Amino acid sequence: MTEALRIIEVNSPREMSDFIHVTDRIYRDCTQYVPDFESDIRGLFDHRKNPGLEFSDIQPFVAYRGNAPVGRIVGIINRKANEKWNIRNVRFSMIEFIDDPEVSSALIGAVETWGKERGMEKIHGPLGVTDFDKEGMLVEDFNLKGSMTAIYNPPYYPRHMEALGFEKEVDWQQVRIRIPEEVPARYARTAQYAREQIGLTVKKCSKRELLGECGQQVFRLFNAAYAPIFGFSELSPRQVNSFLRKYLVLIDTRLIPVVFNKEGEIVGAAVTMASLVEALQKSKGRLLPFGWWHLLRSMKLKHEGCAEMLLVAVRPDYQGLGVNALFFDDLIPVFNKYGFRWAETGPQLEDNIRELTQWKPLKPEFVKRRRCYVKRL
């Protein structure tokens, strides 16, 4: 006899532990899955550590059969994004479930009920609190290894979403490139023009500078450049400080070119880093007892051979003036010096033609299509 299914709101440390470790069962034999740090998951729900909760409501749920956790989901209402886009949407996030339609239906139902009780009209996701959180359910290329900044999920997840009546809202793709030995001539010429005719320069800011006004300027640039992008809501200064403190420990500033104009204003920035996929897989999401060593080894001693291109932004009035060429002109020699054989972006909206066509000289592969689903409540 099948044990009854129950969905509970996570309110205790024991329930949060079950929420975190439900993935142990789902991805036990999956070589593509890349775990999150347990500390990052716990921090997501902590108002002291997650400034995004100042303008977002959040509720995690766990599904149980008997005493065994078999799924999880998070409901999010981002009030700032809803106001900006004039919508009343509840987001679902961090959804995981065994291949059982009763489980996926009950998890989605829990967020639907939670959202309707708060006046929401649609449910969509997977989306996080901010646009810099993991988003989009993988719908293709399940054989490819995941990344540290994007969702990996089993092939049966999209089938469950369609069976539950969800439709496509938007798709993202990731761009994968082989690192060339030399900067392509097109980029080199455009970069030279940007330096000599427009007066742009590339600088590598120190961690101290990035923790100060330079970092705030970079994120103000991200806020301006990403403002029209699907689902984006502006990051507050407190959120910016939180991101900087959290990620600067992991980032090599030589991999972050910042472009300045003649007036000393920041007009472009690219945040890239060495991949930590293998380190995260070996650590199994835990810093202790030996997770810290795997991270240190990948960051300092032996790079994994891949660069992750996390964030790229150009001030709107400087788009099309060679800033992206300056990024490539600067980073390709550094990537080669570090021994990176290839690089991969985060998810890029499929209709962002300007963003996607800039990779053409590097003969890109478009991989790991992922989807935001939507349904009316």
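A salt bridge is taken here as a side-chain nitrogen of Lys or Arg within 4 Å of a carboxyl oxygen of Asp or Glu. The model is a predicted one, in which local features need pLDDT of at least 70 and side-chain atom pairs count only at pLDDT 80 or more, while totals for chains, interfaces and linings use all residues. Residues are numbered from 1 along each chain as its sequence is written, and side-chain values use heavy atoms, with hydrogens and water left out.

By this rule, the structure holds 24 salt bridges. One of them joins glutamate 54 to arginine 238, with 2.3 Å from N to O. This pair links distant parts of the chain, 184 residues apart: glutamate 54 sits in the loop between α2 and β2 (56–65), and arginine 238 in helix α9 (residues 237–247). Helices (H or I, at least four residues) and strands (E, at least two) are DSSP runs, numbered from the N terminus. Arginine 238 is partly exposed, at a relative accessible area of 34%; buried stands for under 20%, exposed for over 50%, and partly exposed for values in between (1.4 Å probe, protein chains only).

Glutamate 112 meets lysine 375 with the closest N and O atoms 2.7 Å apart. Arginine 176 and glutamate 344 are both buried. Shared partners also join Glu140, Lys168, Asp171, Glu350, Arg369 and Arg371 into one salt-bridge network.

Attention now turns to a pocket. On a 1 Å grid over the protein atoms alone, a pocket is an open set of points where a 1.4 Å probe fits, with protein on both sides within 12 Å along at least five of seven lines; lining residues have an atom within 4 Å of a point. The second largest pocket has a volume of about 380 Å³, a volume being the space filled by probe spheres set on the points, which are joined across faces, edges and corners. Of its 18 lining residues, Thr23, Asp24, Tyr33, Pro35 and Lys284 are the closest to the centre. Helices α1 (13–26) and α2 (38–44) are the elements that give two or more residues to this lining, and α1 provides the largest share, four residues.
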